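Please find below my comments on the model under review. They are arranged as numbered points, and each can be checked against the coordinates.

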Amino acid sequence: MLKIAPSLLSADFGRLREEIASVTEGGADLLHLDVMDGHFVPNLTFGPFIVEAIRRLTDLPLDCHLMICDPLQYGPLFAKAGADIVTFHVEVEGDPARTFAAIEDAGARAGMVVNPDTDVRLLEPWLERCAMVLIMSVHPGFGGQAFLPDVLQKIPVLRNELGFERDIEIDGGIGPSTAGAAKQAGANVLVAGNAIYGQEDRTEAIRAIREA
């Protein structure tokens, strides 16, 4: 089943209740939350207390993407704040086994993320633990970048070579012109920011991506 995940990074945080309601009513399946620490990526977004506020505003699943240097310490905090799934980067140094356990013990499902230049086979030791794999189709840290089509080659590797059968999410430059290729490659969760929140009619924007 194809799932559409609007990225709140592109929403107007001054009207957060209305922005969440517009995509909920428009047919979104989950909400994507981009967490950046100013170290792993050069931008800085929000912490667990914002996730708590978002949790109070919606019943949609919250998909929390950690672009941070210490997911072991902070991942459980986002889980306790209300995230349903917490993903962290394979590129981060540390102990993935402990990070998976800490996030799961805090009440969320856990998954891993690969950057555009990272070999997806690095995930192989952890795929049994992954509730989701997130493939970045732009370089992480900023919204509005152009889609990198070469990353689609990672998805058949995950599906066919490595046998991963759970959710594969793709994030970056997704819209009506790129959603079809992502779905055809095997992704089933599509994150879209500007392609949804940059449109006045959010219902039509979600429909256009889903039908593409």
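**Notes on the fold and side-chain pairs**

1. Lys3 is partly exposed, with a relative accessible area of 25%; the class covers values between buried, under 20%, and exposed, over 50%, for a 1.4 Å probe and protein chains only. Lys3 forms a salt bridge with Asp167, their closest N and O atoms being 3.1 Å apart; the term requires a side-chain nitrogen of Lys or Arg within 4 Å of a carboxyl oxygen of Asp or Glu. Asp167, at 14% relative accessibility, counts as buried. Because Lys3 lies in strand E1 and Asp167 in strand E7 (residues 167-171), the pair ties together parts that are 164 residues apart in sequence. Helices (H or I, at least four residues) and strands (E, at least two) are DSSP runs, numbered from the N terminus.

2. On provenance, this is a predicted model, in which local features need pLDDT of at least 70 and side-chain atom pairs count only at pLDDT 80 or more, whereas totals for chains, interfaces and linings use all residues. Residues are numbered from 1 along each chain as its sequence is written, and side-chain values use heavy atoms, with hydrogens and water left out.

3. What is the strand order of the open sheet? Its eight strands run E1-E8-E7-E6-E5-E4-E3-E2, with parallel pairing; two strands pair if DSSP finds at least two bridges between them. Strand E1 (3-6) and strand E2 (31-36) are the edge strands, each pairing on one side only. From one strand to the next, the twist averages 25°. E1 and strand E8 (residues 189-192) run parallel and are joined by four bridges; Pro6 has Ala192 in E8 as its bridge partner.

4. Helix H4 (residues 96-105) packs on the sheet and touches strand E4 (85-89) and strand E5 (109-114), contact meaning heavy atoms within 4.5 Å. The direction of H4 makes about 140° with that of E5. Axes are lines fitted to C-alpha atoms, for helices over the stretch in contact, and angles run from 0 to 180 degrees between N-to-C directions.

5. The structure holds two aromatic pairs. Rings of Phe, Tyr and Trp (its six-membered ring) pair if their centres lie within 6.5 Å; planes under 30 degrees apart count as stacked, over 60 as edge-to-face and the rest as tilted. The Phe13 and Phe46 rings have centres 5.9 Å apart and planes at 40°, so this pair is tilted. Phe13 lies in the loop between E1 and helix H1 (16-25), and Phe46, 33 residues apart from it, in the loop between E2 and helix H2 (48-57). Phe13 is partly exposed at 38%, whereas Phe46 is buried at 12%.

6. Phe88 and Phe100 form an edge-to-face pair, with 5.2 Å centre to centre and 70° between the planes. Since Phe88 belongs to strand E4 and Phe100 to helix H4, the pair ties together parts 12 residues apart in sequence. Phe88 is buried at 2% relative accessibility, and Phe100 is buried at 0%.

7. How many salt bridges does the structure hold? There are 10. One of them joins Arg55 and Asp84, with 2.9 Å between the closest N and O atoms. Arg55 is in helix H2, and Asp84 is in the loop between helix H3 (71-81) and E4, 29 residues apart. Arg55 is partly exposed at 23%, as is Asp84 at 30%.
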